[in-house]
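Hi everyone, thanks for making time. I'd like to walk you through one structure, and you can follow along on the screen.

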Amino acid sequence: MIQSLFLIALLASLLLGSVLLFSKPRSDRNWSPALARTAVFEERAPFTYHLKNMRQWEYAAPDEAINKNWVETNVRAEDLSEVWFFIEPFGGNPIFAHSLLSFVFDDGASPPQTISVSVEARKEAGEPYSAILGALRAYELSYIWSTEKDVLSRIAVKLDHQLFAYKLNLTDEQAILIFDHFVKRTNALAAKPRFYNTLHSNCTNELAKVVNEAFPKALPWHRSWVLTGKSGKWLHDLGYVGREEESFASLKARSDIQNLVKTTIRREDFADAWRAQLPQP
């Protein structure tokens with residue numbers, strides 16, 4: 001009996017794997033609402049873009065959405081002043097985590113604008129995530145661009161997950177070039193959908209690929225491309241976050257921003273407010 005059940009399960013898995021192997025990525029499914037729209041950048045002038053379909057969902061409590069809007073905005077890459085790397089550990093196994101980037105634009109005349117990019121498995125409405133299915137072409141790939149308040153409140157408030165923030169050590173020129181490559185990669189994905197893959201097209205190694213397109217071999221392959229929870233220490237070892245004289249353990253201890261996000265989420269100057277309260281080394 002047990003052998004028969006095992007054989008049935010094995011055959012079902014092989015059949016599912018075969019179907020997924022020969023499937024083609026699509027952009028016209030019944031997507032989960034938070035992943036429903038595809039971001040596109042329109043170039044209006046050199047290094048000046050109009051971003052369409054930017055998500056602006058914000059949470060003040062787990063079940064309290066401040067708003068659920070999709071908006072448009074203009075950004076000038078030349079105003080880019082900071083790039084931040086965020087890690088959301090998965091509680092059951094901290095060697096795995098979700099990671100994302102946030103870009104801070106400051107033109108010196110108005111409050112800084114912060115927009116974030118999160119690479120995700122594009123799930124259909126009601127569809128759960130599975131790391132195993134994610135390795136079998138079960139999900140399309142999505143570059144979700146959002147306000148920083150959207151993605152940080154979603155993680156720290158709605159999901160009540162830990163969240164760590166690390167400012168990347170980049171020059172202005174490096175930051176601009178990296179952002180420009182994210183624009184190109186986002187538009188390419190909008191024009192031609194691709195599959196997400198748990199191993200080689202996930203939230204972390206997709207970010208690394210974009211950086212390597214801008215600066216070849218800047219981020220050599222590392223186990224954290226798959227064991228994504230280790231990506232913060234890896235970046236510290238490479239000198240991209242923190243300072244050499246500070247241990248990663250110390251840096252990580254003062255980079256936990258979950259409570260800072262919760263206490264500043266209703267402030268108009270949210271992006272500045274939580275950063276101002278980060279402990280200094």
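Predicted model: local features only at pLDDT ≥ 70, side-chain atom pairs only at ≥ 80, totals over all residues.

I'll talk about pockets, then one asparagine, then some salt bridges.

Okay, pockets. The largest one holds about 720 Å³ of space. Its lining is made of 31 residues, and the ones nearest the centre are Phe90, His98, Glu120, Lys123 and Tyr129. Where does the lining come from? β2 (48–61), β5 (97–105), β6 (113–122) and α3 (148–158) each put in at least two residues, and α3 gives the most, with four. By type, the lining of the largest pocket has 19 nonpolar residues, five polar and seven charged.

The second largest pocket has about 490 Å³ of space. Here 23 residues do the lining, with Pro112, Thr114, Lys149, Glu268 and Phe270 nearest the centre. β3 (64–76) is among the elements that supply at least two residues, and the largest share, four residues, is from β3. The make-up of this second lining is nine nonpolar, five polar and nine charged.

Next, Asn205, which sits in helix α5 (residues 203–214). Is Asn205 buried or exposed? Its relative accessibility is 1%, so Asn205 counts as buried. What does the side chain of Asn205 reach? There's the backbone oxygen of Trp225 at 3.0 Å, and the backbone nitrogen of Ser201 at 3.4 Å. Leaving out residues up to four places away in sequence, Asn205 touches Leu199, His200 and Trp225.

Last topic, salt bridges. As a reminder, side chains of opposite charge can pair when their charged atoms come close. The structure holds 20 salt bridges, and I'll pick out a few.

Asp160 and Lys262 meet at 2.6 Å, N to O. Asp160 is in the loop between α3 and β8 (164–167) and Lys262 is in helix α8 (residues 258–264), so this pair ties together parts that are 102 residues apart in sequence. Asp160 is partly exposed at 45% relative accessibility, and Lys262 is partly exposed at 36%.

Glu42 and Arg44 pair up at 3.0 Å, N to O. Glu42, at 30% relative accessibility, counts as partly exposed, while Arg44, at 51%, counts as exposed.

Then Lys233 and Asp237, at 3.1 Å, N to O. Both lie in helix α6 (residues 231–238), four residues apart, about one turn of the helix. Lys233 is partly exposed at 42%, and Asp237 is exposed at 52%. There's also a network: salt bridges with shared partners join Arg185, Arg194, Glu206, Lys209 and Glu213.

That's my tour, thanks.

Note on methods: Residues numbered from 1 in each chain as written. Heavy atoms only, no water. 1 Å grid on protein atoms, 1.4 Å probe; cavity = no way out; pocket = protein on both sides within 12 Å on 5 of 7 lines; lining within 4 Å. Points joined across faces, edges and corners; volume = space filled by probe spheres on them. Nonpolar A, V, L, I, M, F, W, Y, C, P; charged D, E, K, R; others polar. Buried < 20%, exposed > 50% of the residue type's maximum accessible area, 1.4 Å probe, protein only. Polar contact = N/O pair within 3.5 Å; in protein donor to acceptor, adjacent residues only side chain to side chain. Contact = heavy atoms within 4.5 Å. Salt bridge = Lys/Arg side-chain N within 4 Å of Asp/Glu carboxyl O.
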